Amino acid sequence: MKKIRIYQCTKIQDTPSPAVEVLSESMRSSQKKSIKIDAAEMLTQYQASNGDILLVLDEDSPYEEQLHFVLLRDDQIIGYIKYGGLYTPGVFKEISRENDDLRFTFASDEVLSLTLNKTATRWNNQLPPGARYQGGWFQPQYLSLKITGTAT
C-alpha cells in the first residue's frame with residue numbers, strides 16, 4: 001500500500017453533521033458524479049496493490065471523533081467502516097503499512113490493523129468495539145479491522 005494524492009475533498013455541509021464531496025481529477029474531466037461522505041476532512045489516502053484506493057477521513061470533532069475508512073474501486077465505494085464513538089477523543093496515527101494492511105492507533109494505545117481483502121465476503125467480519133460497517137448487512141465486505149496489540 002502506498003500513499004497517494006489523487007482525491008480532493010471539499011466541505012459541503014457543517015451542520016447538523018459534517019459532509020464532504022470527494023473528487024479526483026479524472027472524475028472532474030469526465031463529468032462523473034462525485035462521492036458524498038459524512039465526514040469533515042480527509043486525513044490521508046492510499047493505493048492498494050490491486051489499484052483500489054483507501055480514503056481515511058475524520059469528523060474533526062475533538063470530543064467525539066470518528067474515523068471513516070472508505071475503499072474505492074473505479075470511483076465507486078466498495079467498502080466502508082466507521083470507527084469511533086460518543087465521547088471518544090482520538091487522533092489517527094499511522095504505525096506501518098505492509099502489502100494491503102494498515103496498522104494505526106487512534107483513541108488509545110491499542111494498535112489496530114485494517115486489511116484490504118482482494119475478495120469480498122458477504123458475512124460481516126467480527127469488528128472491534130466502536131467499529132461498524134456502513135451499508136447493508138449482506139453487502140460484500142472488502143475491509144476487515146481488528147486489534148493486534150498495543151503500541152510500545
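**Strand 10 to strand 11**

I started at the hairpin that joins strand 10 to strand 11 through four residues. Strands here are DSSP runs of E with at least two residues, numbered from the N terminus. This is a predicted model, so I kept its rules in mind: local features need pLDDT of at least 70, side-chain atom pairs count only at pLDDT 80 or more, and totals for chains, interfaces and linings use all residues. Residues are numbered from 1 along each chain as its sequence is written, and side-chain values use heavy atoms, with hydrogens and water left out.

Strand 10 covers residues 101-105 and runs antiparallel to strand 11, with four bridges between them. Two strands count as paired if DSSP finds at least two bridges between them. I looked up Phe 104, and its bridge partner in strand 11 is Leu 112. Strand 11 also pairs with strand 13 (residues 141-150), antiparallel again, over eight bridges. There I noted Leu 114 opposite Leu 145 of strand 13.

**The cavity**

How many cavities of 30 Å³ or more are there? I get one. The search ran on a 1 Å grid over the protein atoms alone: a cavity is a set of points where a 1.4 Å probe fits but cannot get out, a pocket is an open set with protein on both sides within 12 Å along at least five of seven lines, and lining residues have an atom within 4 Å of a point. Grid points are joined across faces, edges and corners, and the volume is the space filled by probe spheres set on the points.

The largest cavity holds about 40 Å³. Its lining includes Ala 48, Asp 52, Leu 71, Asp 100 and Leu 116. Strand 11 (residues 110-121) supplies the largest share of that lining, three residues.

The largest pocket has about 200 Å³ of space. I listed its lining as Lys 3, Ile 4, Arg 5, Tyr 7, Gln 8, Cys 9, Met 42, Leu 43, Thr 44 and Gln 45. Strand 2 and strand 5 (41-47) are the elements that give two or more residues to it. Strand 5 gives the most, four residues.

**Sheet 2-3-4**

Next I followed strand 2 into its sheet. Three strands make an open, antiparallel sheet in the order 2-3-4. Strand 2 (7-13) and strand 4 (35-37) are the edges, each pairing on one side only. Neighbouring strands are turned by 30° against each other on average, direction ignored; the axes are lines fitted to C-alpha atoms, and angles run from 0 to 180 degrees between N-to-C directions.

A five-residue hairpin links strand 2 to strand 3, and six bridges hold this antiparallel pair. Lys 11 sits opposite Val 20 of strand 3.

**Asp 75**

Last entry: is Asp 75 buried or exposed? Asp 75 is buried, because its relative accessible area is 12% (buried is under 20%, exposed over 50%, partly exposed in between, with a 1.4 Å probe and protein chains only). I found Asp 75 in the loop between strand 7 (66-73) and strand 8 (76-84).

Its side chain makes a polar contact with the side chain of Tyr 7 at 2.4 Å. That term means a pair of N or O atoms within 3.5 Å; within protein, one must be able to donate a hydrogen and the other to accept it, and residues adjacent in sequence count only if both atoms are side-chain atoms. Leaving aside neighbours within four places in sequence, Asp 75 is in contact (heavy atoms within 4.5 Å) with Tyr 7, Ser 24, Ser 26, Met 27, Lys 32 and Ile 35.
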